[in-house]
Amino acid sequence: MENKIVSFLRESNKTISFAESCTGGALSKRIVLIPGASEFFNGSIVSYSNNSKINILNIKTEDIKKYSVVSEKVANEMAINAMKIFNSDYSISTTGNAGPSISDNLSKIGDCFISIASKDRVVCKKINIDCDRESFITKITEESLKFFVNTIIKN
């Protein structure tokens, strides 16, 4: 999956960045394992805590309280702000509840939002996965890459 993304980015001379929460850097790892990643990968922020989302990604505290940290609103803002921070053409964000506990009553364990931002649009996908934490991270990482391929590359 990442090879398709890399080919697309290289051929179109575009760059990508990430704002990862529930994937904890797994998206970044998949990309940086590819030689020459610095040509198209501008960087990543692993903003696991609300504090890092607020202070580094500039997510509004009010939005976290109103919508939940695991929400379309927050996922979209994470992707948009990472794209700005890294001056990239695209950005993918992930925010979710891997469990076993949750930080609010607005989302459920297994909920995840994946957002893709570009200069033209922002798209978001909600999924729910019921599995252990390690499998959750692996599945969300794979879903994020597939979502980019299916939404941006489309072939």
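Contact, in these notes, means heavy atoms within 4.5 Å. I am working from a predicted model, where local features need pLDDT of at least 70, side-chain atom pairs count only at pLDDT 80 or more, and totals for chains, interfaces and linings use all residues. Residues are numbered from 1 along each chain as its sequence is written, and side-chain values use heavy atoms, with hydrogens and water left out.

**Entry 1: Ile16**

I began with Ile16 and left aside its neighbours within four places in sequence. Ile16 is then in contact with Leu9, Phe40, Phe41, Asn42, Gly43, Ser88, Tyr90, Ile92 and Phe148.

**Entry 2: strand 1**

Next I looked up the strand that holds Ile16. Helices (H or I, at least four residues) and strands (E, at least two) are DSSP runs, numbered from the N terminus. For burial I kept these cut-offs: buried is under 20% relative accessible area, exposed is over 50%, and partly exposed is in between, with a 1.4 Å probe and protein chains only.

Is strand 1 enclosed or open? Five of the five residues of strand 1 (residues 16-20) are buried, so the rest of the structure largely encloses it. Ile16, Phe18 and Glu20 point one way, Ser17 and Ala19 the other way, and all are buried.

**Entry 3: the sheet**

I then followed the pairing; two strands pair if DSSP finds at least two bridges between them. As a reminder to myself, strands of a sheet pair through backbone hydrogen bonds, either parallel or antiparallel.

Strand 1 runs parallel to strand 2 (residues 41-46), and five bridges join them. Ser17 has Gly43 of strand 2 as its bridge partner. Between these strands the chain passes through helix 2 (residues 26-32), and this β-α-β crossover is right-handed. I call a crossover right-handed if, with the strands pointing away from the viewer, the path from the first strand over the helix to the second runs clockwise.

With strand 3 (residues 90-96), strand 1 pairs in the parallel sense over five bridges, and Glu20 has Thr94 of strand 3 as its bridge partner. Strand 3 and strand 4 (residues 111-118) run antiparallel and are joined by seven bridges. Here the bridge partner of Ile92 is Ile116 in strand 4.

What is the order of the open sheet? The five strands stand as 2-1-3-4-5, with mixed pairing. Strand 2 and strand 5 (122-128) are at the edges with a single partner strand each, so one side of each has no neighbour in the sheet. From one strand to the next the twist averages 10°; for angles, axes are lines fitted to C-alpha atoms, for helices over the stretch in contact, and angles run from 0 to 180 degrees between N-to-C directions.

**Entry 4: helix 6**

Helix 6 (residues 133-153) packs on the sheet, where it touches strand 1, strand 3, strand 4 and strand 5. Its direction makes about 35° with that of strand 4. Among its buried residues I noted Phe136, Ile140, Leu145, Phe148 and Ile152. The buried residues of helix 6 pack against helix 1 and helix 2 as well as strand 1, strand 3, strand 4 and strand 5.

**Entry 5: the cores**

A nonpolar core here is a set of buried Ala, Val, Leu, Ile, Met, Phe, Trp, Tyr and Cys residues joined through side-chain atoms within 4.5 Å. The largest one has 30 residues, and Ile16, Ile92, Ile140 and Phe148 have the most contacts inside it. Helix 6 gives the most to this core, with eight residues. I also found a second, separate core of 12 residues, which includes Ile45, Leu57, Ile64 and Val69.

**Entry 6: helix 5**

The expected span of a helix is 1.5 Å times one less than its number of residues. For the 15 residues of helix 5 (residues 72-86) that is 21 Å, and the end C-alpha atoms are 21 Å apart, which agrees. Its buried residues include Val74, Met78, Ile80 and Met83. After helix 5 comes Asn87, with a positive phi near 50°.

Most residues other than glycine have a negative phi. Asn58 sits in the loop between helix 3 and helix 4, and Ser68 in the loop between helix 4 and helix 5. Which is buried and which is exposed? Asn58 is exposed, at a relative accessible area of 52%, whereas Ser68 counts as buried at 0%.
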